[in-house]
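Thanks for coming, everyone. Let me put the structure up, and then I'll walk you through it.

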Amino acid sequence: MSEHPRDRFDLIADLKAEEAFLDALDRGRLHHAWLLCGVEGSGKASFAYRAARRLLGAAPDLSRGPLGAAPHDPVSRLVSAQSHPDLLVLERLVEGGKQKKSISVEQARDLPEFFAKSPSQARHRVAIIDAADDLNVNAANALLKILEEPPESGVLFLVTHAPGRLLATIRSRCRRLSFPVWPEHRLAELVQRRTGVSPSEADEAARMAGGSPGAALDLASGAMSETDRLARSWVEGGAVDRAEQLDVADGFRGAEGQARFDALMDRLIAAVKRRAVETGGREGALWAELWGRLSELPDRAAGLNMDKGDVLAGALADIARVKASV
């Protein structure tokens, strides 16, 4: 299982972003809301936790970068244990072993109560939303109310893989930090340094990662499953082999069929989302529209008891139509 950003201390996603944040902090011009933009796995959430530790009073450890803090620092330990009283994290909940599709309005309503209180151990109260793309409509509106009336001593970090899908009123009330796509040679260096795989394996992970350090590390460590690789090949490659599709659909039968179907649809939707973020323009808009439709498909299929093989075939047909139109 890949390392959670709250436990990651040595990944400096973007030096300029860290320096910009520290400059605002040192000059007493810290914005109340930061929109962290970039492809999935580009280190945005890691940055949010690094900045949060600094705001919550962790002693600097410059050997780990401008926003570095040591894992054994008391503040770092509280953050890693998810028990710091001045930190609130909103992310999709896991119930019954399955991650929910969105961040609910009930979760978002925790923000006003959290920021209404004074910091108990630090100078600031910090909230991280990972990712803001996962907020449902009502949750996004609840967040907007907080942004319209900035909390005293409060700082929000909004992680987003697709800022264009957020409400314009949310974007306009945040300071934006963009995290660039990493070049392949830098990804390969990171992978080899962090995992110790061979140069050829590091190069292969870098090539497949789409500029994302998180994805590159997952690929090198084996955390990215064959299901994910298959989904990416169907979205990013040529025509889907019919025999391969039917073979996969056969795996939806039996006791583990539902789990296989859920896993494949999750990774297929993620691959379409990545295309939407990476391409931009007219093509990006087409992928983003498809992403929205596919995101609703698993729940609709379950509610209507649709045949899983037919659902997959329909999704792949939609993907083929988008490919043909760009």
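I'll talk about the sheet, and then a few salt bridges.

Quick caveats: this is a predicted model, so to speak, with local features needing pLDDT of at least 70 and side-chain atom pairs counting only at pLDDT 80 or more, while totals for chains, interfaces and linings use all residues. Residues are numbered from 1 along each chain as its sequence is written, and side-chain values use heavy atoms, with hydrogens and water left out.

Okay, the sheet. Five strands make an open, parallel sheet, in the order β2-β5-β6-β1-β7. Strands here are DSSP E runs of at least two residues, helices are H or I runs of at least four, both numbered from the N terminus, and two strands pair if DSSP finds at least two bridges between them. β2 (87-90) and β7 (175-178) sit at the edges with a single partner strand each, so one side of each has no neighbour in the sheet. β1 (residues 33-37) and β7 are joined by 4 bridges, and L35 has R176 as its bridge partner in β7.

Now, salt bridges, meaning a Lys or Arg side-chain nitrogen within 4 Å of an Asp or Glu carboxyl oxygen. The whole structure has 12 of them. Take R64 and D10: their closest N and O atoms are 2.8 Å apart. R64 is in the loop between α2 and α3 (74-80) and D10 in the segment before α1, so this pair ties together parts 54 residues apart in sequence. D61 joins D10 and R64 in a salt-bridge network.

Last one: E289 pairs with R293 at 3.5 Å, and both lie in helix α14 (residues 281-304), 4 residues apart, about one turn.
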